[in-house]
Structures are given as C-alpha cells and as structure tokens.
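Biologist: Please pick out one part of this model and take me through it closely. Start with the packing, then go to a helix.

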Amino acid sequence: MLKELAQWGQGLYWTRARDQRLGLVPPGGSGRDLLPSGFAPCLLTVLRLAAHQEDGRGAGIDLAAALVRAGHPARAVELVRSGAGRSEPERDLGRLVRTAAEAGDLDGARALAESLTDRALRDCALVVRIPAVARAGERERAVALVETIRYPHNRPRAWAGLAKAVADSGDFPAALGYAERAVECAGGGAELGRALVTAVEIAQAAGDHVRAGTFADRVEDLVRREGRTGVGQRALLVAVLALEARIGDFDRLDAVLRSLVRAAAAKAAEEAEAAAAGPGDSDADPDVLCLTILAKPSPHFDARILPELLEAVAETADREVALALADRAEELIRGDAGFDGFALRKAVTLLLARHGQAERAMALTDRIVEPDLRAARKTEVVEALARSGETDRAEALARAFADRWARSRALMAVVGELARRGETARAEALVPAIPDRWGREEALIDVVDALARQGEPERAEDLAHTILHSQTRARALAVLVETSEPARARRLAARAVFLGGWSMVLEGLEEIAPGGARAIADGVMTWREAHPPAPREAPTASTPAGRRP
C-alpha cells in the first residue's frame, strides 16, 4: 500500500481505490436509455428517487451550498440542522454565509447569519458579509457594519476584507486607508501580521512601493520578535517575500538567507566544539549546563521559509524570478549549511520543472536514495513539466519510467495537458500507453471534456461510454453536462446520477433543472425522517462509558 500511495499520490490513490471498490458498470446497466426526451420534470423525478435512497450525509454540506446558490437559504438551514452536514451545524452555517456572500446574495447571507445562535460565529459571519456589501456598491453601509462588530479581535479582519474589496474596484487610496485601519486596530502577533500583509499587497498593487516596503519592514520586525513562538509567523514572512519576489525584489530574501546561513554555521561550530570537548565535561553542574542551553539565542527565522517560498511562487512567478530563486536554493543545498532538507529539495525540483528546467530537476531527483520516493518525485517532475507546456519532453520521460504506477500517473498528466491544450487526437492516441486500466479510463475524462468543448459532443459521449468503472464513467458524463445544450445535459445528468449518485451533478444543476437542488434536499430529508439515527445506549454499571460492551 505504501508503495502504491507514493507512486499515485494522495488524490489519485484514494480516487482509484474508491472507483475500484464500487466496481464496473453492470451489464446492460449503463443508463443510456434513461430519460430519452431530456425533460426537466423527468430529471427532477430521477433526482428525488436517487436522493430517497441515501441520507446524503457525506455530501450534505455541498448540497446545502447548492441550495444557497439556488436562492433557498432557509431550506439549506433546515438541511444542516437535520444533521445532513458535518458534526458542527453552526460552523457549517457559517461556511454557507461565505457561499452566499461570494455569490452576491446579500439577503441570503444575512438570513443565514441570523440563523446562527452562537454569538462568536455570528460576529465572524458579519466579517464575511462586509466585503460582499462593498462589492455590491454599498461602501458606506459596509463601513457602518464594521463599527457594529461585537468582538474587537474581529475588526482587523473586517477592515482588511473591506480594503481588498475596495482595491478590487480600483480605488487604491481608499483601500490603503482601510488597510491602515486594519493595522491600527490589530492587537499584535498573527492578527497584526495578517493586516500588515494585506497592506503590503494593496500598496504594491497601487504602485506605492515605499509604503509597501514600510509595511513589509514591520512584518519582518514582528517575525524577528516572535518567529519562534508566535503562531503562523513564518507564513507571514513567506507571504511578504513572495510579493517582493514577484516584482524582482530579492533584497529582503537575501538578508534573511544570510541570517539563516550564519545561524546554521554557528550551530555547526557549537556542535563541533562540543564533540571536541569529549566526555570529560559530563561531570559539569547540570544547573549550569541548563542555564547555558537556555541562554543560547535562537535564530530569528525558520529555515522552512525558503521551501515554502518556492512553493508559493511556483505557479505565479515569471521564469526569470523562478530561476533566480532556484539558483539561490541550489547554492544553499551545495553549501552544506544545513539546508539540504527534503522539503527544500522537493520545492526547488518542482519549481525548476514547472519552468522547463527538466535536466536540473531530474539531477536533483537522482540524489534520492529510496527508490519509491525517487520514482514518485520524477512523476511530479513530469506533471510540472507538462503544465509548463513541455509535453514532448514530459512524454519521453514518462515513457521511460520502469515502475508501472509511476508511468501511469505521469502519462495521465501528459494526456490531461494535451487535452487542455486542444490536442485531442494526440491525447487520445497516448491513452493506450498508460499501463493501468483505471488510469486509462481516468485520463479519458480529460479527452471527453476537450472533445465536447471543441464541438464534438457525440464523439465525446461515445468515448465516455467506453469507460468501464461506474464512478469514473459517471464523472465523465457529469463533465459533459457542463458543455451540453439543456436537453442533452439533462439526459447526461440522469445517466451520471444512475451510475454515481446525485452528488455527481450538483455543480451547475440549477441551470439545466431549476429546483434540482431542492428536489434532492426533499429526498434526503424524507430518507432521514424514515431512518432516524439509533439512540445511543446509556452506559451500565458493567459497561463503563467510552468502552464497547
């Protein structure tokens, strides 16, 4: 299992395991003859029947979110309160407030917030609503809402959210003013750091690099003071360094790296001195030794800053910036200064691959001793290389892998990227080279999607029906729903529901079948009413609480 998990990666491994457990499409049970006319009322009936057969516990919060997006917040509250969500209904409702706010449904967001009984969560829901109010053009009302926040520690987040919303509208002077309000009312620690990072981001977007630098200096000072004890301080500095690196400013990063190198060198010298002293000092007073250890200053920064920075900019930095960062990372690895860690090697390897540096990336993977980890890392290199557009090179590397699972995963990535780039013929021709049967079928989903987007819906649908695993085929059909005209979309949705359940078609359901989310909710609620959870047995004298009888 460990080898398979390493080669496939977490996401593909568990998807593959579930699809294989649920099995193949039963003979004559493809559902191709289901809903031939594609009428919306017929699809609603299919959804109700499917929902009536399961309680929806696993996808309850997703269904509630679909209800919110469809304009049924009251029904979403009923569903969550019935126990169809996660274990904490109040927190689920708080998440739904964000869903409504992001959809621009201010009335729904307010109604959901008012359904909360926990005052702290209600306050957090108000923080979420404020940016949505500003984006709707009601900035004065949003400012007034900030003043009504009950708990002071929530106000910095509210001002920062308002600042981002106003910055998105292009009013940078006002946005900077709100960002400064966030900084002023922040108490300290991570709360202050997050407000400062927001101010840096907005000042940069406004082109005010002097103010951005001032805010960034305060973040660095905060991390120097609390970097080893404060919660999340490393992430704050990484965020600032990433913002500066994207505009080609490496001064702060280089200063941080010099500090880390000096700290590593000092630690190495202390260890060498202790080793040279020998065992004779073991008779020293333990209290003196303890005080000596406590008195040693710890470095201001954490060495994990660099790999996290590389991960943060891998997909967004331009090639010149990425290679400049990779050069610094490789220099530290070669310098034997305590930076030759697993995380740093992985981060720089994937950064190089993402920007087309296959040879340098593979040279780093070749130093991994453990064969399974080495094969898994090479697969990740191929995935990153394919995303960068180097599909020919990625395919050649993938075909050369000896491990069948690693080769399957790598070729799946190449097929997916070819399909996304519109090279459907080449992508489909490459599918048979994937050794794993499930892998071939999963790769076909990308080809099916690309064919449909290119205007070949019949060919795409025929290809989807060649997939043998029921869940995999259901996902392929659900992908086609998004790109098909309404009648065809409803037929495809019914088939996907028949094979994989109603959760397959929640995305975009209301566009092809208004009332679909509510129909599913009705079925789920009916199922739950007919199958109430069994009451817990009270512990007896012979069965202590918390122990199975």
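Modeller: Beyond its neighbours within four places in sequence, Leu96 is in contact (heavy atoms within 4.5 Å) with Ile61, Ala64, Ala65, Val68, Ala76, Val80 and Leu112. This is a predicted model: local features need pLDDT of at least 70, side-chain atom pairs count only at pLDDT 80 or more, and totals for chains, interfaces and linings use all residues. Residues are numbered from 1 along each chain as its sequence is written, and side-chain values use heavy atoms, leaving out hydrogens and water.

Leu96 and Leu325 touch the most other members of the largest nonpolar core, which has 178 residues. Such a core is a set of buried Ala, Val, Leu, Ile, Met, Phe, Trp, Tyr and Cys residues joined through side-chain atoms within 4.5 Å. Buried means under 20% relative accessible area, exposed over 50%, partly exposed in between (1.4 Å probe, protein chains only).

Now the helix. Helices are DSSP runs (H or I, at least four residues), numbered from the N terminus. H28 covers residues 486-500.

H28 is mostly covered, with eleven of its 15 residues buried. Among them are Arg488, Arg490, Leu492, Arg495 and Val497. The buried residues of H28 pack against H3 (40-51), H26 (457-464), H27 (470-481) and H29 (509-512).

Now its ends. Glu485 caps the N-terminal end of H28, with a side-chain oxygen 3.0 Å from the backbone nitrogen of Ala487. Just after H28, Gly501 takes a positive phi of about 95°.

Methods. Helices (H or I, at least four residues) and strands (E, at least two) are DSSP runs, numbered from the N terminus. The expected span of a helix is 1.5 Å times one less than its number of residues. A polar contact is a pair of N or O atoms within 3.5 Å; within protein, one must be able to donate a hydrogen and the other to accept it, and residues adjacent in sequence count only if both atoms are side-chain atoms.
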